[in-house]
Amino acid sequence: MSFSNFSKSFTANMFTSVENQFITKYLPQADGDAVRVYLFGLYLCQCAEDFDAASTAKLLHVSLEKLIEIYDFWEECDLVHILSRDPLFIEYLPVNASIGKPKPVKAEKYAAFNREFYKILQNAGAVFKPYEMQRILEFLESNPMEQQAFLLVAEYCSQKDGENLSCRHILNKAAQLCKDRKYTLEQAEKEFSDFKEHERDLSKILNYLGINRKVKESDYGYLNKWIASGLETGTAIAVAKHLKSGTLNTLDAILEELAEKKLFSAKDAEPYLARRDELSQIVFTVAKRLGIKVQNPRPYAEEYAEKWLEHGYDTVSLSLIASLCMKLGYGFGETDALLDTLYHEGIVDEESVKAYCSSRDKDFRLLQSLQSECGVLKKTQSALDMVAAWKSWSFSDAMIKEAAKRSANASAPLPYMNKLLSEWKREGIFTPAAIPENTVRKTPVYQSEAAIAADLRGSRERYYAALHEQALDRAEKMRKKASENKEFHKAESEMKECEIALARAEVYDSEKIPDLRHTLEALKERRKNALLTIGITEDELLPNYVCKKCSDTGFMKDGRMCDCYRPE
């Protein structure tokens, strides 16, 4: 940037020079908006004031899109070069007789074309600027497309867009046909007859999905994708009719499933869709009973619901079991494990499932009532199994509650109740009145060997948890101190961004990997040097565990006990 500049008052008294060649060659063919934009941009090239594209468009009373469209026109005339679109940045070029001269167009050559084209615009209620007509004629001069073929393109676009018809849309559609080497009227008619056929199919699909709008250009991409995957158009229509509501994305996901399973026709898709609905309904029913929200039922249907149906369970049975599992705080995985157990025990039909759930509900209610006698009890499957076992020993609810009263001071009430009830069973005591007098007094605190072991294990786990937490705290304090250093903080942030970019490059752009790795190593070195200035090593940023093998947890990653763990 120069060390000197004009003042605003100086600039206000200067002149903006416009080359005569611009006036003689370009101004007559451009509309007023295009000339105003060109001249104001030329003025800004020597103006010290800051004007961005949005403020310029507002000042000239045109939209930002219109401003960019005008500069597209001047770029085609080689008068400017668009260096950037976001933000918009324009480079003005000199008007030169050898370049940038509009292509000569003989008016008589396009007289009939212009008449027909203006009829299309009139029917659509659209108006094109002179420079837009100039672009269309230049396109016909530069491409071998027949005039009648281009008119058919314009007619097609006008039917699609109506009064929103744009020059850009027509030229893009015509350019696409030229790219596919379709230049003649016959080729264009064949192309648009396919479009009309597809439009009818897409209209049906949108109607069945409950989407009340016209077919958009982007909708054809979905249909082309489905056809390319081997699916019949009728299959897409049949699936949309089956869904009754939804979006094209929803329909696309289901059609991808059908393509994966090689079900290309509507006839092949029907049984699959019926089965899919059945599985989805089971997933939603079970999820509702479990109190779980499910967005996409497909993974649950494939992993769980399909197996449950194959085992012979119906919706009613699954709903009953899910209601029981909800009380136990189960998710899909635990519910599936319970169903596997029941299946191997032969509890499959609706009656046996009802009997099982009824029995479990009674056990559950009894377990809840015991809490008033001996304190909080965890509602687990093992606790329910224990209650069921006591009942199988011929103990009444009253006897089980009596055992609960006597276990009130025990650290582990359920094991203590189990010991009492097993002793009473051995001695043949099945009523509260039959309990010997000397056992009526309040039972002293009792701890089984398992309870003692559990207490010891709890102490060890608290010890390791404290040890582990100390190491984390030390590392966190060091990292907090390091983050106060601006150079370290900057290097750390850039490292994270570089690691994200590297991860993306490994998937999408492998050519960038060597450069990104080199940059990452340089950032690591910067971070290391920043740490040295504040007297911290990189090792101090990580937890320094007493035992490196288990990270002060007592157990290895594979679940094995660490050498530092002392169970005795």
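# Notebook: helices, one hairpin, aromatic rings

**Entry 1. A pair in H15.** I began with helix H15, where Tyr304 and Trp308 both sit, four residues apart, about one turn of the helix. Helices here are DSSP runs of H or I with at least four residues, strands are E runs with at least two, and numbering starts at the N terminus. Both Tyr304 and Trp308 are buried. Buried means under 20% relative accessible area, exposed means over 50%, and partly exposed lies in between, with a 1.4 Å probe and protein chains only.

**Entry 2. Ground rules.** The model is predicted, so I noted that local features need pLDDT of at least 70, side-chain atom pairs count only at pLDDT 80 or more, and totals for chains, interfaces and linings use all residues. Residues are numbered from 1 along each chain as its sequence is written, and side-chain values use heavy atoms, with hydrogens and water left out.

**Entry 3. Confidence.** I looked up pLDDT, the predictor's confidence in each residue, from 0 to 100. The chain has a mean of 81, and 88% of its residues reach 70 or more. Which helices mark the two ends of the confidence range? Helix H1 (residues 8–12) is lowest, with a mean of 63, and helix H17 (residues 332–344) is highest, at 90. Two stretches stay under 50. Over residues 97–101 the model has seven contacts beyond four places in sequence. Over residues 440–444 it has eight such contacts. A contact means heavy atoms within 4.5 Å.

**Entry 4. The whole chain.** I found 24 helices and two strands. Of the 568 residues, 38% count as buried. I then took contacts between residues at least 6 apart in sequence, and 64% of these join residues at least 24 apart. The accessible surface comes to about 33,700 Å², and carbon and sulfur atoms account for 53% of that. Areas come from the Shrake-Rupley method with a 1.4 Å probe, and for residues only the protein chains shown count as cover.

**Entry 5. The hairpin.** Strands E1 and E2 run antiparallel and are joined by five bridges. Two strands pair if DSSP finds at least two bridges between them. E1 and E2 form a hairpin with two residues between them. Ile82 stands opposite Ile90 in E2. What kind of peptide bond joins Asp86 and Pro87? I found a cis bond, with omega about 5°. Pro87 belongs to the loop between E1 (80–85) and E2 (88–92).

**Entry 6. Helix H14.** I checked the length of H14 (residues 266–290). Its 25 residues should span 36 Å at 1.5 Å a residue, and the end C-alpha atoms are 35 Å apart, which agrees. The expected span is 1.5 Å times one less than the number of residues. The buried residues of H14 include Tyr272, Leu273, Arg276 and Leu279. What covers the buried residues of H14? The cover includes H12, H13 (248–260), H15 (298–310), H16 (315–327) and H17. Just after H14, Gly291 takes a positive phi of about 80°.

**Entry 7. Helix H12.** I moved to one of those neighbours. In H12 (residues 233–243), Thr235, Ala236, Ile237, Val239 and Ala240 are buried.

**Entry 8. Positive phi in loops.** His61 is not a glycine, yet its phi is positive, about 60°. His61 lies in the loop between H4 (53–59) and H5 (64–76). Is His61 buried or exposed? His61 counts as exposed, because its relative accessibility is 71%. Ser394 also has a positive phi, near 75°. Its loop runs between H19 (381–392) and H20 (397–406). Ser394 is exposed, with a relative accessible area of 56%.

**Entry 9. Aromatic rings.** Rings of Phe, Tyr and Trp (its six-membered ring) pair if their centres lie within 6.5 Å; planes under 30 degrees apart count as stacked, over 60 as edge-to-face, and the rest as tilted. I found 20 aromatic pairs in the structure. The Phe113 and Phe117 rings have centres 5.7 Å apart and planes at 20°, so this pair is stacked. These two Phe residues are four residues apart in helix H6 (residues 111–124), about one helical turn. Phe113 and Phe117 are both buried. I then went back to Tyr304 and Trp308, which form a stacked pair: 5.9 Å centre to centre, with 20° between the planes. Last, I noted one aromatic cluster, formed by Phe22, Tyr38, Tyr71, Phe73, Trp74, Tyr92 and Tyr131.
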